[in-house]
Amino acid sequence: MAALSGKIVKNVFVTQGYQQNRKVGTQYHWDSCMPYMCNSLPFQGGKLAWTGTSSMQICTLSPYQSGFVNRGTVYCNAAPSTTAIPYLDKVDFLKLQNGSDIRGVAIAGVEGEPVSLTEPVTEAIAAAFAAWLLEKKKDDGSHHSRVSIGHDSRISAQMLLDAVSRGIAVAGLGVVQYGLASTPAMFKSTLTKDEAFLCPVDGAIMITASHLPFNRNGFKFFTSDGGLGKADIKNILERAADIYKNFTDDVFKNSKTKASTSVKRVDYMTVYTSDLVSAVRKAAGNIEKPLEGFHIVVDAGNGAGGFFAAKVLEPLGALTAGSQFLEPDGLFPNHIPNPEDKTAMKAITEAVLKNKADLGIIFDTDVDRSAAVDSTGREFNRNRLIALMSAIVLEEHPGTTIVTDSVTSDGLTTFIEKKLGGKHHRFKRGYKNVIDEAIRLNSVGVETHLAIETSGHGALKENHWLDDGAYLMVKILNKLASARASGVGGGSKVLTDLVEDLEEAAVAVELRLKIDQSHPDLKGGYFRDYGEAVLKHMENFIESDPKLQKAPVNYEGVRLSGFGGWFLLRLSLHDPVLPLNIEAPSHDDAVKLGLVVAAAVKEFHALDTSDLDKFVQTT
Ligand SMILES: O=P(O)(O)OC[C@H]1O[C@H](O)[C@H](O)[C@@H](O)[C@@H]1O
């Protein structure tokens, strides 16, 4: 579902907040002075504070929301917080797991999407993280553990921030709120050593649902070891279910009192952004303004990434005029903040061309993903972004291994191995899978410095394997700055030239074949088992076809080459879906590959092949 834009109606009375916000624009301050700490709301005189009425603040909802969407209007028919806490089972909590994240519905009003991240559920999850953290750190009480909390621009952020803070405070840990922040900054706060900013923290929580629609939200958790994995998230949700069982209205009310006394606020984004600025200056030979003369436009999609223009590019000397959608707005009224989204990429491309900029940079909502556009409007996205990052990293570390996700192209492998002299390790889909694999390879003696996904997630060894869209862009800026310093032309040509030899398929499509979980063919079984059966059948089906070659090394699904192209059919990481990626030199060749898949899966009636059928009929 696309992000919905509209006005907020709370308890059926139309509030003026959002309208007002749209008129005056939501702004944040970027004063650069000592961290501001206080114990009471609102965050005044501080950094990253919201001024005016933000769309995020106007809908501070109570735990039990109901409502409906009508002609672009969101109704938040909020009930008072005193409503009895509804019964929830462990299974309800486990349903909130999305790989290594937690995700749910935080805003009522979308048909068929009841609120699952209520205040008590959120508070229980935060308390469970605190308990997990104390156990992991074998906290004996001699050190007062603290947890940092940040959020993106979603309209449910304030409500969840309050609930998370209560859960942490009631568990006896210190709460350090950062306000609007990026996911990578939250991880970084577990590593920064600066007591003035209450760092390092023992754990960090980012409140975000990445690019998902406005009504969703979720949590990512970090310690200094990195993001929590699937097993830890399951453990936390199980603990949360137990904590929740003991919640009563009184417990819930008491926690509000306790939290209000133990919350501190810190402008950590200033630390994070000044580290990015220092990295570029250092790479350019300690020049104060290495990007002077460059015109770079940023598109933050009204997510949390607006800081990059004023706090990173401008101090480095770049002109950022024409940057767009920098102000946070949780209804994402312009486009979904997602470099994988075609409308989003069109928006930044048009901004580059209109402003005659040297480079365009786009982030997802919580800034752990990014992409770029060169001065001619060509995208550095998906395989092309990986190729560019590989070229940069392989210049620094000749011969090193580049770890990528499974949907990368054959052309990328040729580019990395034949042109750049590196090794391409094509692993599984999922940013955590890719990063963990890179760390594992290093530990068994296979040198690798870059783990990157076609989705725009990317992590470098030199940056603590931190999955950081902003740092990826810093590496690109370093390249621009050093080329300028050594007298090589201007603009982004130096970047475009680096990927000149990347072969790109004329046709690249992703079709997502849904598994109908209620279909009798599943016999009440799990969709993953059905999906595995489809893949097994596919493997046997193509075995005897001389026109197709199985990928010699493959870690996920079925990948075949043929008709000058390739396809990969695999199970989605989270959804009851078999994504099918096809790349080919022409539409006809892509259709031939599609027909192979269509023939192989035709007996699987629970699989919705309508998109594939449409695709193969368009010859
Ligand atoms: O398997 P899919 O449904 O295509 O989803 C794959 C994606 O799932 C999540 O969003 C992860 O954060 C991404 O790293 C991954 O690429």
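User: In which strand is Asp-374 found?

Analyst: This is a predicted model: local features need pLDDT of at least 70, side-chain atom pairs count only at pLDDT 80 or more, and totals for chains, interfaces and linings use all residues. Residues are numbered from 1 along each chain as its sequence is written, and side-chain values use heavy atoms, with hydrogens and water left out. Helices (H or I, at least four residues) and strands (E, at least two) are DSSP runs, numbered from the N terminus. Asp-374 belongs to residues 370-374, and that run is strand β18.

User: Is Asp-374 buried or exposed?

Analyst: Buried means under 20% relative accessible area, exposed means over 50%, and partly exposed is in between (1.4 Å probe, protein chains only). Asp-374 has a relative accessibility of 1%. Therefore Asp-374 counts as buried.

User: Which residue has a side chain joined to that of Asp-374 by a polar contact of 2.7 Å?

Analyst: A polar contact is a pair of N or O atoms within 3.5 Å. Within protein, one atom must be able to donate a hydrogen and the other to accept it, and residues adjacent in sequence count only if both atoms are side-chain atoms. At 2.7 Å from the side chain of Asp-374, the partner is the side chain of Thr-376.

User: Which residues does Asp-374 touch, leaving out those up to four places away in sequence?

Analyst: Contact means heavy atoms within 4.5 Å. With residues up to four places away left out, the list for Asp-374 is Val-352, Asp-358, Leu-359, Phe-380, Ser-492 and Thr-496.

User: How many helices and strands does the chain have, and what share of the residues is buried?

Analyst: The chain has 18 helices and 30 strands. It holds 619 residues. The buried share is 58%.

User: What part of the contacts with a separation of 6 or more joins residues 24 or more positions apart?

Analyst: Start from the contacts in the chain with a separation of 6 or more. Then take those between residues 24 or more positions apart: they account for 70%.

User: How far apart are the C-alpha centres of domain 1 and domain 2?

Analyst: The domain bounds come from an automatic or database domain assignment. They give domain 1 (93-136 + 143-266), domain 2 (272-497) and domain 3 (507-617). Contact between domain 1 and domain 2 takes 25 residues from domain 1 and 27 residues from domain 2. The distance between their C-alpha centres is 28 Å.

User: Which domains each give at least three residues to the shell around the ligand?

Analyst: A residue is near a molecule if one of its heavy atoms lies within 4 Å of it. The residues around the ligand include Arg-429, Glu-453, Arg-570 and Leu-573. At least three come from each of domain 2 and domain 3.

User: How much of the ligand does the protein bury?

Analyst: A polar side-chain atom of Glu-453 lies 2.7 Å from an oxygen atom of the ligand, and a backbone N or O atom of Leu-573 lies 2.8 Å from one. Taken alone, the ligand exposes 390 Å². Accessible areas come from the Shrake-Rupley method with a 1.4 Å probe; for residues, only the protein chains shown count as cover. Of the ligand's area, the protein buries 87%.

User: Which peptide bond is cis, with omega near 0°?

Analyst: Most residues other than glycine have a negative phi, and most peptide bonds are trans. Look in the loop between α5 (183-188) and β12 (203-207), where Pro-200 is found. The cis bond runs from Cys-199 to Pro-200.

User: What is the phi of Leu-198?

Analyst: Leu-198 also sits in the loop between α5 and β12. It counts as buried because its relative accessibility is 13%. Leu-198 is not a glycine, yet its phi is positive, at about 55°.

User: Which backbone nitrogen does the side chain of Asp-202 reach?

Analyst: The loop between α5 and β12 holds Asp-202. At 8% relative accessibility, Asp-202 counts as buried. Its side chain ends up 2.8 Å from the backbone nitrogen of Arg-146.
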